[in-house]
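Subject: Handover of a structure and a summary of its features

Dear colleague,

Please find below the structure that I am handing over to you. My notes on it follow, and I would be grateful if you read them with the model open beside you.

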Number of protein chains: 2
Amino acid sequence: MAAYCLHNTSALRLNNPTLSSFSCRPLLCQVPRKIITMCRDQSSYCASITAEIEAHLKQAIPLKPPLTVFEPMHHMTFSAPLNSAPALCVAACELIGGSRSQAMAAASALYLMLAASVTHEKLHIPNRLKPKPKPAPGVCSANGPMFDLMFLDAMVPFGYELLAISDDPDQDTSGRVLRVIVELARAMGSQGIIHAQYQGVIVSQLDGGGSNNIELIDDMCRKKEGRVHACAAACGAILGGANEEEIEKLRKYGLYVGIIQGYTNRLGRKVKEIERVVELRNLALKELDHFKGQKVEEISSFIVGP
Amino acid sequence: MAAYCLHNTSALRLNNPTLSSFSCRPLLCQVPRKIITMCRDQSSYCASITAEIEAHLKQAIPLKPPLTVFEPMHHMTFSAPLNSAPALCVAACELIGGSRSQAMAAASALYLMLAASVTHEKLHIPNRLKPKPKPAPGVCSANGPMFDLMFLDAMVPFGYELLAISDDPDQDTSGRVLRVIVELARAMGSQGIIHAQYQGVIVSQLDGGGSNNIELIDDMCRKKEGRVHACAAACGAILGGANEEEIEKLRKYGLYVGIIQGYTNRLGRKVKEIERVVELRNLALKELDHFKGQKVEEISSFIVGP
């Protein structure tokens, strides 16, 4: 029986709240944790930030009542494919001279929202939406897409909560935090990921799924990975105290990083041979000309190959 | 063909952006706009606030590109059953001495989130999750639960965006707005509506759907309608500049209003005969003892019968 089995095990896990003991995993999340970005392959800097964001999130999503909601939310968060946008948010903050902790809540919120979004997208695939047969009496029924959708719906507000409570009135950060909430809401909403997902479904219904149309691929990469990485870098810059020029330069840098990652996600290793990707890499590095110091090398590791 | 038909009509509607001309409505939203709360029946005060929130939202959700996302989002927002919690948010702000406009963004955000939540809940019902057959070539395919889910996902971040952009730095409101974002995120998330929805599904699988168990009904009303109305009233109080004692009194008032409305939603008119509802009404009115003036009468109209 593949199910959350929360009714049967929640009491046990209340006394032993480690996810390493999570033996009863939801169906949807049993896919391997595929790394869809170049982050871990290429840069120990990116990987170290991602590890820190995950540690922060593991503390932030408490295993507390209602366990029936918190436990699968915790599990879904760390089962989604990795994405380098949250790490880029922290890297942009550090480039500006901010501390890692200043961008940690925003990066964690973005990590949560992206995990919810990618898992939601899987549920949008029609054959996943078929309801499961009603379980026999006495059998745990807390499984299937109906519950997955509910738990995903809990992850998004939790992201906004994390961000809003990170405000430190003594440091006069409220304005920056509110601006970042607007940035995230736009990137994750109707002008961002949702629009890209909608277009993705329409494109997938074309002959060959649009996979041979480079202009279509470029547009998809820009609207999806590009938009999210642009938002991530801009948020890091805002939280690090950047001026408007720096914010816009980092937004553009993030856009190029994201488009390159979009190509990588769609085309794999052969992406290096594509002229457009070389061009994007040069455009990205040009945006960093404005900045100085060791952190320039670190943030450029998001696009420079091994 | 019942569908959004966005591809065919978006150009037309770009030149004629009124929703009154919306003739091609999504399947999910063709249910009548059932009034599930007592708001419109009982109180012109509540109804006038609700009308103002809707007018505010109609301006706030622009019919702009991408119309494929904004248009159904607009439609879904105003097709969901009405809920009196957003109006209570404004009423609490006015009771404290604040202006209607101070709570308008929060009330609008709550209106959006509740519309998304109730529509999502309908989609959770298993037989609505069956995918539609693939349309014939050339036929508009932008219909069905897959797209409904996407557009609903866009409504929640838009709510947070509305709230965050409402901050007026000149009025030093950032701290209040951030606090309201936390309140809303908790009420709409894992400790609020999502937990109540989860419990609702579990209870519905009991013999008779738990409809004869008054303790179970009370618990459901408290966790769902009670939690949301408590949050709404507390948010209005925060934005109106209430002190902590006043915020907690209005939170309790909202809780009782919400529980009563929960009973009404489940039991209809016969709710007036239930001793527990009389008790809740008295408890609610007691919380208002602390406040003075004409606005006490207005906010008490949320629970006093015609």
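How many cavities of 30 Å³ or more does the structure hold? There are 5 of them. Please bear in mind throughout that this is a predicted model.

The largest cavity

The largest cavity contains about 360 Å³ of space. Its lining is made up of 26 residues, and those nearest its centre are Asp153(A), Val156(A), Pro157(A), Asp153(B) and Val156(B). In chain A, the elements that give two or more residues to this lining are α6 (104-124), α7 (145-165) and α9 (193-204). In chain B, they are likewise α6 (104-124), α7 (145-165) and α9 (193-204). Sorted by class, the lining has 18 nonpolar, 6 polar and 2 charged residues. As background, rolling a probe the size of a water molecule over the atoms shows where empty space is left.

Chain A as a whole

Chain A has 13 helices and 0 strands. Of the 306 residues in chain A, 59% are buried. Consider next the contacts in chain A between residues at least 6 apart in sequence: 76% of these join residues at least 24 apart.

A buried helix

Which residues of helix α5 in chain A are buried? They are Ala85(A), Pro86(A), Ala87(A), Leu88(A), Cys89(A), Val90(A), Ala91(A), Ala92(A), Cys93(A), Glu94(A) and Leu95(A). Since 11 of the 11 residues of this helix (residues 85-95) are buried, the rest of the structure largely encloses it. Just after α5(A) comes Gly97(A), which has a positive phi of about 105°.

Two pairs of helices

In chain A, helix α3 (residues 44-60) and helix α4 (residues 67-79) have axes that come within 11 Å and cross at roughly 170°. An angle over 145 degrees counts as roughly antiparallel, so α3(A) is roughly antiparallel to α4(A). On the α3(A) side, the residues in contact are Glu54(A), Leu57(A) and Lys58(A), and they meet His74(A), Thr77(A) and Phe78(A) of α4(A). By class, this contact has 2 nonpolar, 2 polar and 2 charged residues.

In chain B, helix α8 (residues 174-188) packs with helix α10 (residues 214-240) at an angle of about 180°, and their axes are 10 Å apart. That angle makes α8(B) roughly antiparallel to α10(B). From α8(B), the contact involves Arg176(B), Val177(B), Arg179(B), Val180(B), Glu183(B), Leu184(B), Arg186(B) and Ala187(B). From α10(B), the residues are Arg227(B), Cys231(B), Ala234(B), Cys235(B), Ile238(B), Leu239(B) and Gly240(B). This contact divides into 9 nonpolar, 1 polar and 5 charged residues.

Individual residues

Is Asp167(A) buried or exposed? Asp167(A) has a relative accessible area of 15%, and is therefore buried, as the cut-off is under 20%. Asp167(A) sits in the loop between α7 and α8 of chain A. Leaving out residues up to four places away in sequence, Asp167(A) touches Thr173(A), Ser174(A), Val177(A) and Leu178(B). Asp167(A) and Val177(A) are 10 residues apart along the chain, and their C-alpha atoms are separated by 6.5 Å.

Asp172(A) also belongs to the loop between α7 and α8 of chain A. Its relative accessible area is 65%, so Asp172(A) is exposed. Asp172(B) is found in the loop between α7 and α8 of chain B, and counts as exposed at 66% relative accessibility. Phi of Asp172(A) is near 55°, a positive value in a residue other than glycine. Phi of Asp172(B) is near 55° too, again positive in a residue other than glycine. For context, most residues other than glycine have a negative phi.

Finally, Glu183(A) is part of helix α8 of chain A. With 12% relative accessibility, Glu183(A) counts as buried. Apart from neighbours within four places in sequence, Glu183(A) is in contact with Cys231(A), Ala234(A), Cys235(A), Ile238(A) and Arg251(A).

Yours sincerely,

A colleague

Methods
Residues numbered from 1 in each chain as written. Chains lettered and ligands numbered in written order. Predicted model: local features only at pLDDT ≥ 70, side-chain atom pairs only at ≥ 80, totals over all residues. Heavy atoms only, no water. Axes fitted to C-alpha atoms, helices over the stretch in contact; angles between N-to-C directions. Helix = DSSP H or I, 4+ residues; strand = E, 2+ residues; numbered from the N terminus. Parallel < 35°, antiparallel > 145°, perpendicular 65-115°, else oblique. Contact = heavy atoms within 4.5 Å. Nonpolar A, V, L, I, M, F, W, Y, C, P; charged D, E, K, R; others polar. 1 Å grid on protein atoms, 1.4 Å probe; cavity = no way out; pocket = protein on both sides within 12 Å on 5 of 7 lines; lining within 4 Å. Points joined across faces, edges and corners; volume = space filled by probe spheres on them. Buried < 20%, exposed > 50% of the residue type's maximum accessible area, 1.4 Å probe, protein only.
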